[in-house]
Amino acid sequence: MASPLSAAQVDRLVASIDRATASNTDVPFSVYTSVHEQRLVDVPINKPLLVVVLRGSKHIGRSPVQVCSAGEFVFLSDSAAVDMRNIPGDERYHALLIEFDYADFDVLPVVAASPTTQVIGVSEAPFLDCLQQWVDSVGWGMPAITAARKRELLAVLSALGFTGLRGLMGRSELSHRLYDLLSREADEEASLAALCRLLGVSESTLRRRLHAEGTGLQAIKDAVRLGRALHLLQTTALPIGVIAGRCGYSSQSRFTARFKARFGLTPSALRKTHVTG
């Protein structure tokens, strides 16, 4: 059983998150909340993703289902596309999400780690203290300190006994760099030739490596675009048509069809989970 977060711990962390987002719109984390249950299928994880559940619970996968309750975290591999349910508690579902780059994992001991799609654990006091300090550092607006303290989160988890975190780096270094490039808005329409120049590989090499991993450039672009759309729907009040345009879709109807085909519900249905009543 998870040790439940105290109301004071949650309130303090949420207050720090609110301060950071009020002073800086480009924060290195996301906050997902809902007042009604969210059911999402095939959610792409484009980078190793740490989800700290503050209120409610998160159910991951189908068979078996892994449950991450308030007071626990789940660390998801970037090789995974997962089904999930975000279930409110007494008031709402509330979770903090942090993406990691492969370079962040350099703070961990270099040990053999078997590939894994997820790590679930209790958010113990040393980890929560480090998390609080990291969120506070975001509010200071000092990127070097923020980056260093984010890596400390990995070091603390490792010291607490989570020694297999390197196994969460599921993609090849090349694929990871490709996802990183495509995750930048300016590069989402980049051609294959342009991406190969940036990556320093030939087109044939990139195609061959992606094929060996069971994917392709268009599939990756689609995952990045729809992942960004999901993020914007969860974290902003932007109109759905604006989100469609920002994610590279020429019409809202086409975006809605692609979104539902991927996640199992429409953008408007997802938005309704945020509304009381």
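Predicted model: local features only at pLDDT ≥ 70, side-chain atom pairs only at ≥ 80, totals over all residues.

User: How do I describe two packed helices?

Analyst: Two packed helices are described by the angle between their axes and the distance between the axes. Here, the axes of α4 and α7 cross at roughly 50° and come within 10 Å. That angle makes α4 oblique to α7, and their crossing is right-handed.

User: Which residues make the contact between α4 and α7?

Analyst: From α4 come L178, Y179 and L182, while α7 brings L217, I220, K221, V224 and R228. Six of the contact residues are nonpolar, none are polar and two are charged.

User: What is the strand order in the open sheet?

Analyst: Its four strands run in the order β2-β7-β4-β5, with antiparallel pairing. β2 and β5 stand at the edges with a single partner strand each, so one side of each has no neighbour in the sheet. From one strand to the next, the twist averages 20°. Looking inside, β4 and β7 pair over four bridges, and H59 has R85 in β7 as its bridge partner.

User: Which strands does α7 lie across?

Analyst: α7 lies across β2 and β7, at about 150° to β2. Helix α9 also lies across β2 and β7, but runs at about 90° to β2.

User: Is H176 buried or exposed?

Analyst: Buried means under 20% relative accessible area. H176 has 5% relative accessibility, so H176 counts as buried. This residue lies in α4, and residues touching H176 include K47, F100 and Y102.

Conventions: Residues numbered from 1 in each chain as written. Heavy atoms only, no water. Helix = DSSP H or I, 4+ residues; strand = E, 2+ residues; numbered from the N terminus. Buried < 20%, exposed > 50% of the residue type's maximum accessible area, 1.4 Å probe, protein only. Contact = heavy atoms within 4.5 Å. Axes fitted to C-alpha atoms, helices over the stretch in contact; angles between N-to-C directions. Parallel < 35°, antiparallel > 145°, perpendicular 65-115°, else oblique. Left-handed = near helix turned anticlockwise from the far one by under 90°. Nonpolar A, V, L, I, M, F, W, Y, C, P; charged D, E, K, R; others polar. Pairing = 2+ DSSP bridges. Lists of a residue's contacts leave out its neighbours within four places in sequence.
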